[in-house]
Structure formats: structure tokens, C-alpha cells
Amino acid sequence: MLQKYFFISLLLLTGSLFAQSEGITSFEESGLYGFKDKKGKVVIKPQYEQTMEFTKSGVAFVVSKNKWVCINTKNQLLLESFLYDNGPDYIVESRARYVEEGKMGFHNERCQKVIEAKYDFAYPFENGYAIVCNGCQLIPEGEHKRIEGGLFGLIDKKGKLVLPIEYEAILTIDSRKRSVEVKRTVKSVTVKLQ
């Protein structure tokens, strides 16, 4: 009986190892990166400055013209990622930020745009909400940038505006009580979410 469980475990383990090796992997040639299939055939010719491996969702982040972009296995450009920590934005609560025509929105793990790019800046999601602003600017400060000016609001994971973009700052969010402490005209007030 123990041998039977060992054999099944071994099959599952080797099956999962083979499943990870299926698909395509990156390679470098003359300082540029492309992708090959499991047989070694080039499926995306070397053309990128840097690459990350394809995910289980069938997308990969690559550097093209000094920008992190997301492509699919057919080498179709899906979107431009927001640059964070010298790479593409992290997926937080199934959402990551992308940039389009100078505005920010959110995409899912498959690089599908799920929240339209219509904000000058957006923070990552936390407890189901993301702080967004319009009229604000990213001001360089050494290696980092800071947000200056503008008005702030709050969206949910569907992109619905649950707090209008009309506050100088959002100080705290209590998702359990569905309330937000905001700054308006130098004083802070607590507002209920819509």
C-alpha cells in the first residue's frame, strides 16, 4: 500500500515538473532576449532588452524601448506596465497598475485592462480599495518620485468611484466600517463610502 502511494506521489511530482517546463522560456542572443519553445525552436526572436518568464496566465513582462510592457505568447503587446521598483508593477489583490496616454488604470493577471486608465496617479489596492488622484504630478526625488498636488478619491476593485475625487488627501480607510478620514481645506473629516 505504501508503495502505491509513493508511486502516485512520484507521478504527481514528475508531472508537475514537466508541466513547469512546458511552454516557452527566454534566451539571450547578442544582448537581446527572445523566447524558445520546449523543443528549442525560436517562437519570439530576440528583440527585448530584458525579459521575465511567461506566467501560467500566458503573459510575460519584457523591456521594449526602455519600458516594461506585457506581451502574450503570440508576441502581441497588451499594455505598458507602471514602473515600480525598477520593474513592472506588482499584482496586489489581483490588480496591477498600467499606463496609457499618461493616465493610470489597473489590469489583472492576464494583462487584461479591467479598470480604465483615467487617473493621473493610482496607489495599489489595499483591502479592496485604491486611492486615485487627478491633477497630481509625480515629482522626481533622486531614485524615487513623490506625489504633489491634485485631488484624491477612492475606487473599488470594479473601478467604481466610492469616494469622489475632491479631497486634498486620504488619511485612513476603515474598510470594515466603510468610512474614510479625508483632508479637506486643512482639516480632516470622516466620510462614509458610497
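# A tour of side-chain pairs

Select Lys 103: with a relative accessibility of 28%, Lys 103 counts as partly exposed. This is a predicted model. Lys 103 belongs to strand E11 (residues 103-107), while Asp 120 sits in the loop between E12 and strand E13 (121-122), so the pair ties together parts that are 17 residues apart in sequence. Asp 120 is partly exposed too, at 23% relative accessible area.

How many salt bridges does the structure hold? There are 7. Side chains of opposite charge can pair when their charged atoms come close.

Go to Lys 113 and Glu 100. Their side chains form a salt bridge of 2.3 Å, N to O. The pair links distant parts of the chain: Lys 113 is in strand E12 (residues 113-119), Glu 100 is in strand E10 (residues 96-100), and they are 13 residues apart. Lys 113 has a relative accessible area of 40%, which means partly exposed. Glu 100 is partly exposed as well, at 33% relative accessibility.

Next, select Lys 67 and Glu 80. In this salt bridge the closest N and O atoms are 4.0 Å apart. Here again distant parts of the chain are linked, with Lys 67 in strand E6 (residues 67-72) and Glu 80 in strand E7 (residues 77-81), 13 residues apart. Lys 67 is partly exposed at 42% relative accessibility. Glu 80 is partly exposed, with 26% relative accessible area.

Then pick Glu 141, Arg 146 and Glu 148 together. A network of salt bridges links these residues.

**The rings**

Switch to the aromatic side chains. The structure holds 5 aromatic pairs. Start with Phe 35 and Phe 54. Their ring centres are 4.7 Å apart and their planes lie at 70°, so this pair is edge-to-face. It joins distant parts of the chain: Phe 35 is in strand E2 (residues 32-36), and Phe 54 is in the loop between strand E4 (50-51) and strand E5 (59-64), 19 residues apart. Are these two residues buried or exposed? Both Phe 35 and Phe 54 are buried.

Move on to Tyr 84 and Tyr 90. This aromatic pair is also edge-to-face, at 5.5 Å centre to centre with 80° between the planes. Tyr 84 is partly exposed at 36% relative accessibility. Tyr 90 is partly exposed, with a relative accessible area of 47%.

Now select Phe 82, Phe 121 and Tyr 123. Ring pairs join these residues into a cluster.

One more ring: Phe 27. What sits over the ring of Phe 27? The charged end of Lys 36 does, 4.6 Å from the ring centre.

**Last stop: Asn 108**

Select Asn 108, in the loop between E11 and E12. At 8% relative accessibility, Asn 108 counts as buried, because buried means under 20%. Follow its side chain. It reaches the backbone nitrogen of Arg 110 at 3.0 Å. A polar contact of 2.8 Å also joins the side chains of Asn 108 and Gln 112.

Finally, show what surrounds Asn 108. Which residues does Asn 108 contact, leaving aside its neighbours within four places in sequence? They are Ile 91, Ser 94, Arg 95 and Val 114.

Note on methods
Residues numbered from 1 in each chain as written. Heavy atoms only, no water. Helix = DSSP H or I, 4+ residues; strand = E, 2+ residues; numbered from the N terminus. Buried < 20%, exposed > 50% of the residue type's maximum accessible area, 1.4 Å probe, protein only. Phe/Tyr/Trp six-rings, centres within 6.5 Å; stacked < 30°, edge-to-face > 60°. Lys NZ or Arg CZ within 6 Å of the ring centre and 35° of its normal. Polar contact = N/O pair within 3.5 Å; in protein donor to acceptor, adjacent residues only side chain to side chain. Contact = heavy atoms within 4.5 Å.
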